[in-house]
Amino acid sequence: VQGAIAVLALNRPEKLNAISDSLIDELNHALDLAEADDTVRVVVLHGNGRAFSAGFDLAGGTAAGDLAFKRALLQKDFDIIMRFWDCPKPTIAAVHRYCLGGALEMALACDLTVASTGCRLGEPEPKFGSGSVALLLPWITGPKQAKELLLTADDQVTAERALELGLVNRVAPEGEHLSTAMNLARTIATLDQTSVRLTKLAINRSCDIMGMRQALLAALEIDVIIESTETEESREFNQVL
């Protein structure tokens, strides 16, 4: 905690901060602490080392398996992404180098996102027979842009292009993504916190009224089917893993 800001760092730099089951547990614990601490007004998420995150840790594969097991696994992934959306306090993601797959979805779930120049964003899941856990992309960019990014499995979206698409709020010079996010957090922390929290709640409820939550849960069920279906691409990918 730095002043009124809780700073969460993904800390598996040797794995490009791939989001493992244990890392999800640690993130949940850190968010529990931040939400319960009345001195914390804003939460900032970033990644230690060379990248923000390469996405969910795929060690163990995406091949066909027990449907109930896959659903429980993906539900846990979905829930940690949406915790940043549902957090009663504003959340800011500071991303650099790589922000891919589930990590991009986590950054999208944050209220604000700052990307470093040179960062590459995208969702490459269709390359290896996988799918989006939390299909936030069309709600952020609109369906046309989301289809282009997802159906081409584009994982080379530049920070500047991401800004144009509305995936990020700011592009910071190389190495200044975290300091830029912290400056935004400090600005938010000076404001009336009741107004800030209720405004975030109002915006989120507007999205829910439009059906976002139901749509995300329906998409999650489709992802369960995708992840449970073995294909030539997924077999080849899992053999490499």
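Guide: A crossing is called left-handed if the near helix is turned anticlockwise from the far one by less than a right angle, and right-handed if clockwise. Helices (DSSP runs of H or I, at least four residues) and strands (E, at least two) are numbered from the N terminus. This is a predicted model, in which local features need pLDDT of at least 70 and side-chain atom pairs count only at pLDDT 80 or more, while totals for chains, interfaces and linings use all residues. Residues are numbered from 1 along each chain as its sequence is written, and side-chain values use heavy atoms, with hydrogens and water left out.

Visitor: Is the crossing in which helix 1 passes helix 2 left-handed or right-handed?

Guide: Axes are lines fitted to C-alpha atoms, for helices over the stretch in contact, and angles between N-to-C directions run from 0 to 180 degrees. The crossing of helix 1 past helix 2 is left-handed.

Visitor: How many nonpolar, polar and charged residues make up the contact of helix 1 with helix 2?

Guide: Contact means heavy atoms within 4.5 Å. From helix 1, D21, I24, D25, L27, N28, L31, D32 and E35 meet K76, D77, I80, R83 and F84 of helix 2. Sorted by class (nonpolar: Ala, Val, Leu, Ile, Met, Phe, Trp, Tyr, Cys and Pro; charged: Asp, Glu, Lys and Arg; polar: the others, Gly among them), the contact of helix 1 with helix 2 has five nonpolar, one polar and seven charged residues.

Visitor: Which classes, and how many residues of each, form the contact of helix 2 with helix 9?

Guide: Helix 9 covers residues 212-228 and packs against helix 2 at an angle of about 145°, the axes being 9 Å apart. The crossing of this pair, helix 2 and helix 9, is right-handed. The contact of helix 2 with helix 9 divides into ten nonpolar, two polar and seven charged residues.

Visitor: Which residues do salt bridges that share partners join into one network?

Guide: A salt bridge is a side-chain nitrogen of Lys or Arg within 4 Å of a carboxyl oxygen of Asp or Glu, and the count by this rule comes to eleven. D21 and K76 form one, with their closest N and O atoms 2.8 Å apart; the pair links helix 1 to helix 2 across 55 residues. E221 in helix 9 and R71 in helix 2 form another at 2.9 Å, so that pair ties together parts 150 residues apart in sequence. Through shared partners, one network joins D21, D25 and K76.

Visitor: What relative accessible area does R83 have?

Guide: The side chains of R83 and E35 meet in a salt bridge, 3.1 Å from N to O. Because R83 lies in helix 2 and E35 in helix 1, the pair ties together parts that are 48 residues apart in sequence. E35 counts as partly exposed at 26% relative accessibility (buried is under 20% relative accessible area, exposed over 50%, partly exposed in between, with a 1.4 Å probe and protein chains only). R83 is buried, with a relative accessible area of 18%.

Visitor: How far is F84 from A109 in space, C-alpha to C-alpha?

Guide: F84 is found in helix 2 and is buried, with a relative accessible area of 0%. Beyond its neighbours within four places in sequence, F84 contacts L8, L27, L31, L45, T91, M106, A109, C110 and K200. F84 and A109 are 25 residues apart in sequence, and their C-alpha distance in space is 5.6 Å.

Visitor: What is the phi of N17, and what is that of R97?

Guide: Most residues other than glycine have a negative phi. N17 is a buried residue, at 0% relative accessible area, in the loop between strand 1 and helix 1. R97 is partly exposed at 38% and lies in the loop between strand 3 (91-95) and strand 4 (98-100). Neither is a glycine, yet phi is positive in both: for N17 near 55°, and for R97 about 55°.
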